[in-house]
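Okay, thanks for coming, everyone.

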Amino acid sequence: MFLRRSPAAPEVDALAGLGRKSLDSLRVGVIVLDTTDQIALANPAARAMGLLRAGAVPGTPVAHPIVRTLAGQVRRTGVRREVELDLPRGAEGSDFEPMGVSLRAVALGGGLVAVEAFDVTDAHRVARVRRDFVANVSHELKTPIGALQLLAEAILDATDGDVDVDSTRRFALRMQRESVRLGTLVTELLELTRLQGAEPLPDPEPVQVEWIVAEAVDRSRTAAQAKSIDIAVRGRLDLEAYGSDSQLATALGNLIENAVAYSDEGKTVSVTVHGDAEKIEIEVADEGIGIAPDEVDRVFERFYRSDKARSREAGGTGLGLAIVKHIATNHGGRVDVSSRVGGGSTFTLRLPARPPEDEFGLTLSEPF
C-alpha cells in the first residue's frame with residue numbers, strides 16, 4: 001500500500017490556495033453554510049447567479065432563502081436534496097429573462113452543508129420553446145380539424161332525404177380548402193423540423209440565381225393572377241449562389257407568397273437581385289399593408305402573424321417566414337425586413353456568392 005507523506009505547513013498553505021483558486025474558477029456556483037446558515041464559503045459564480053443577498057450588517061451577505069431552506073432540510077435528514085427553479089433577474093416587473101438554476105445540497109459533516117448551483121437557463125428556455133411550440137401546433141391543427149368535422153356533419157345532413165346539391169357542393173369546397181390548409185401545415189412543420197437539425201444539410205452546390213427566381217415566381221403565379229398582382233423581376237440574374245437549390249427556391253418562394261398574400265388586388269410585387277463576388281441580395285418588395293414597428297422583430301417567429309385575420313383568410317400557416325430564416329442561416333446568410341404601416345414591406349434574402357470553403361475562409365456556419 002502506498003502511503004503519501006503528510007505535507008509540511010508551507011505545502012498545506014499552497015494546496016489550500018490552489019484549491020481556492022480552482023473553486024473560484026469554476027462556472028458552477030458553490031456555497032458552504034455553517035450550522036447557523038451563515039456563509040462559510042462562496043465562489044464568484046454563486047454571486048453571479050444571484051444566490052447571495054445583502055445581509056442586515058453591511059458587507060455581510062446572506063444566502064438566498066431557497067439555499068438556506070435546502071441546507072436546513074439536508075442538515076435535519078442527512079439526505080441530499082436537489083431542486084430546479086427560475087430565479088428572477090433585475091427589478092420586479094422587468095423584462096429580463098429569469099435564470100434557470102439547478103441546486104444540489106450535500107451534508108459535509110459537522111453541520112456544514114455545501115450547495116452546488118448549475119446554470120440551466122438555456123435548458124429551461126428550450127423547454128419553454130418546446131412547450132409553446134406544442135401548444136401552438138395543437139391550436140393550429142385544432143382549427144382545420146374541427147372545421148372538417150363540422151363540414152362532414154353538414155354534408156351528412158344535406159344528403160339526408162332530398163339531396164341539396166348546392167349546399168353539398170359548398171360544404172365539399174370548404175372541406176377541400178381546410179384539408180389543403182391542414183396538409184400545408186403538416187408539410188411546413190416537417191420542413192421546419194428538417195431545417196432545425198433533424199436531418200443533415202445537403203452538400204452545397206452552385207445554383208443559378210435565375211433558376212431560383214424563376215422557380216419561386218412560378219410557385220406564386222397562380223395566387224398572383226387570382227388577385228391581378230404583377231410580379232416584376234429585375235436585376236442581375238446571371239449571379240450564382242451556393243447551397244441547396246430546392247431550399248433556396250423555397251425560401252424565396254415563401255417571401256414572394258407572403259408578399260402576394262398581404263397585397264391588395266392590382267398591386268405589384270418586385271423581385272430585385274443585387275450582388276457581387278462575395279454576396280447576393282434578393283429583395284422582395286410589396287405594396288401591401290406593411291408591418292407595425294413593434295412587430296417587425298417578431299415576424300420570423302413560428303406561428304406569428306402580423307394580421308391574423310388576413311393570414312387565415314389567405315390560408316397562411318405562420319411558418320413560412322420562420323422557414324425562410326432557418327434556410328438563410330443554414331446557408332451562411334440572413335434575411336432582413338424593413339416596413340412601414342400602409343407603405344408595404346421589403347424582405348431581403350442575403351446569401352454567399354462563393355463556395356462555403358474557399359480562399360476567403362467563409363463557411364456556411366458563419367453568417368456575413
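Some housekeeping. This is a predicted model, where local features need pLDDT of at least 70 and side-chain atom pairs count only at pLDDT 80 or more, while totals for chains, interfaces and linings use all residues. Residues are numbered from 1 along each chain as its sequence is written, and side-chain values use heavy atoms, with hydrogens and water left out.

On terms: helices (H or I, at least four residues) and strands (E, at least two) are DSSP runs, numbered from the N terminus. Two strands pair if DSSP finds at least two bridges between them.

So, the sheet. We have an open sheet of five strands, in the order β2-β1-β7-β6-β5, with antiparallel pairing. At the edges sit β2 and β5 (81-87), each pairing on one side only. From one strand to the next, the twist averages 20 degrees. (Angles here run from 0 to 180 degrees between N-to-C directions, and axes are lines fitted to C-alpha atoms, for helices over the stretch in contact.)

Look at the β2 end. Strand β1 (residues 29-33) runs antiparallel to β2 (residues 39-42), with three bridges joining them; Val32 has Leu41 as its bridge partner in β2. Their hairpin has five residues between the strands, and in it Asp37 takes a positive phi near 65 degrees.

Now, which strands does helix α3 lie across? Helix α3 (residues 65-77) lies across β1, β5, β6 and β7 (112-119), at about 35 degrees to β6. Its buried residues (under 20% relative accessible area, with exposed over 50% and partly exposed in between, using a 1.4 Å probe and protein chains only) are Val67, Leu70, Ala71, Gly72 and Val74. Those residues pack against β1, β4 (61-63), β5, β6 and β7, where contact means heavy atoms within 4.5 Å. Just after α3, Gly78 takes a positive phi of about 75 degrees.

Next up, α6. Where does α6 bend? At Ser220, by about 45 degrees, the bend being the angle between axes fitted to the seven residues ending there and the seven starting there. Ser220 is also among the buried residues of α6, along with Val209, Ile212 and Val213. The buried residues of α6 pack against β8 (205-208), β9 (230-235), β10 (240-243), α7 (245-261), β11 and β12. As for α7, the axes of α6 and α7 come within 8 Å and cross at roughly 35 degrees. The residues that meet include Trp211 and Ala216 on the α6 side, and Leu248 and Ile256 on the α7 side. Just after α6, Ser228 takes a positive phi of about 55 degrees.

Strands β11 (residues 268-275) and β12 (residues 279-285) run antiparallel, joined by six bridges, and a hairpin of three residues links them. Gly275 has Ile280 as its bridge partner in β12. β12 also pairs with β14 (residues 345-352), antiparallel over seven bridges, with Ile282 partnered to Leu349 in β14.
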